[in-house]
Amino acid sequence: MTPELRNLGVGLVSAAGRAIYEELNGARTPDQLDAVARLIWEGYGAGRISDGEATELSGCIERRRPLGRHTAPGHARPLGPLRGRLLSHFVPRQPPRSPDRKASRDRRRTLGGSSALPPDLRLYYTEGQRSVLCVLGGEVKRQGFCNRPLDQIGALAGVCRTTVQTTMHEARRLGHIKFTERPRRGRKSLTNLVEMVSPEWRAWLKRGPSAARRIGSNPVKMVSTTKSREIENKNKETKKRACEEGSSRSEPHGPPDGLDWRTA
């Protein structure tokens, strides 16, 4: 027994388990995988391999089975040499991917080609990095800082999380932005506050249009026809009443025509 296998809590420590693993590594078709599976449980029933070895080998078989349209023989890839350890039961973590890669690419090109950065600063960044800084500039224009998480910034800019991190570190190295960390004792830290320290960039955003302003025409106020007629009639009555009051006030208050006040 090798030292590597001896240090494993659950591993292929028996000769029968290692032999079945070699058979499994040489299988290429689903029928051969089924035959190896029968060998596993026959060896487990006979006591040649332990429960942990049977579970590990069964997991290896499930990982090697072809999925989807790759059901023809020859699509099962070899597992490789054992090298003193077993593969994990869990599926390795996959990097997040955009559900619509074309839309992300179009968004990245649109934001990366916009005028969110002054010409003197654009030459330091790639197209993807400029799209990240465009999202950052919009947040700074709106509220004075950016506190969005990296994954959200990447989704808005159409790039991955690594591109966002690279852009942030490069912009901080060049002295265009600064970070403010917000750790919390015993809890998960809050997102970093990203502020813009480049005077040229701040002046450029100040002269540009606001990212939060309303776009489009003003909404039309809808008024019912009956209500508008009532308002119109009321305005006419008010105007007529005002005219009558004005005429009554302008009439003379002296004696009637044809009479002299001195002879009365």
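**Group meeting: cores and salt bridges in a predicted model**

Okay, let's start in the middle of things: the largest nonpolar core here has 22 residues, and the ones with the most contacts inside it are Leu117, Leu133, Leu136, Ile153, Ile177 and Trp201. By nonpolar core I mean a set of buried Ala, Val, Leu, Ile, Met, Phe, Trp, Tyr and Cys residues joined through side-chain atoms within 4.5 Å. Buried means under 20% relative accessible area, exposed means over 50%, and partly exposed is in between, with a 1.4 Å probe and protein chains only. Contact means heavy atoms within 4.5 Å.

Which elements give two or more residues to this core? They are helix H7 (127-143), helix H8 (150-157), helix H9 (161-173), E2 and H10. H7 gives the most, with six residues. There's also a second, separate core of 13 residues, including Leu24, Ala37, Leu57 and Ile61. As background, nonpolar side chains tend to be buried together in soluble globular proteins.

Before I go on, a quick note on what we're looking at. This is a predicted model, where local features need pLDDT of at least 70 and side-chain atom pairs count only at pLDDT 80 or more, while totals for chains, interfaces and linings use all residues. Residues are numbered from 1 along each chain as its sequence is written, and side-chain values use heavy atoms, with hydrogens and water left out.

Now the overall layout. The protein has 11 helices and two strands. Those come from DSSP runs, numbered from the N terminus: H or I with at least four residues for helices, E with at least two for strands. Read from the N terminus, the order is α-α-α-α-α-α-α-α-α-β-β-α-α. Of the 264 residues, 25% are buried. If you take contacts with a separation of 6 or more, 56% of them are between residues 24 or more positions apart.

Not counting residues up to four places away in sequence, Ile177 touches Leu136, Met168, Ala171, Arg172, Val194, Glu195, Met196, Val197 and Trp201.

Ser198 is another one to find on your screen. Ser198 sits in the loop between E2 and helix H10 (199-207). Is Ser198 buried or exposed? Ser198 is buried, at 7% relative accessible area. Leaving aside neighbours within four places in sequence, Ser198 is in contact with Leu121, Gly175 and His176.

On to charges. Side chains of opposite charge can pair when their charged atoms come close. We call it a salt bridge when a side-chain nitrogen of Lys or Arg is within 4 Å of a carboxyl oxygen of Asp or Glu. How many salt bridges does that rule give? The count is seven.

One of them joins Arg148 and Glu139, at 2.9 Å from N to O. Arg148 is partly exposed at 25% relative accessibility, whereas Glu139 is buried at 7%.

Another pairs Lys178 with Glu195, with the closest N and O atoms 3.9 Å apart. Lys178 is in strand E1 (residues 177-184) and Glu195 in strand E2 (residues 187-196), so this pair ties together parts that are 17 residues apart in sequence. Lys178 is partly exposed, at 39%, and Glu195 is partly exposed too, at 29%.

Last one: Asp106 and Arg105 meet in a salt bridge at 3.9 Å, N to O. Asp106 is partly exposed at 30%, and Arg105 is partly exposed at 33%.
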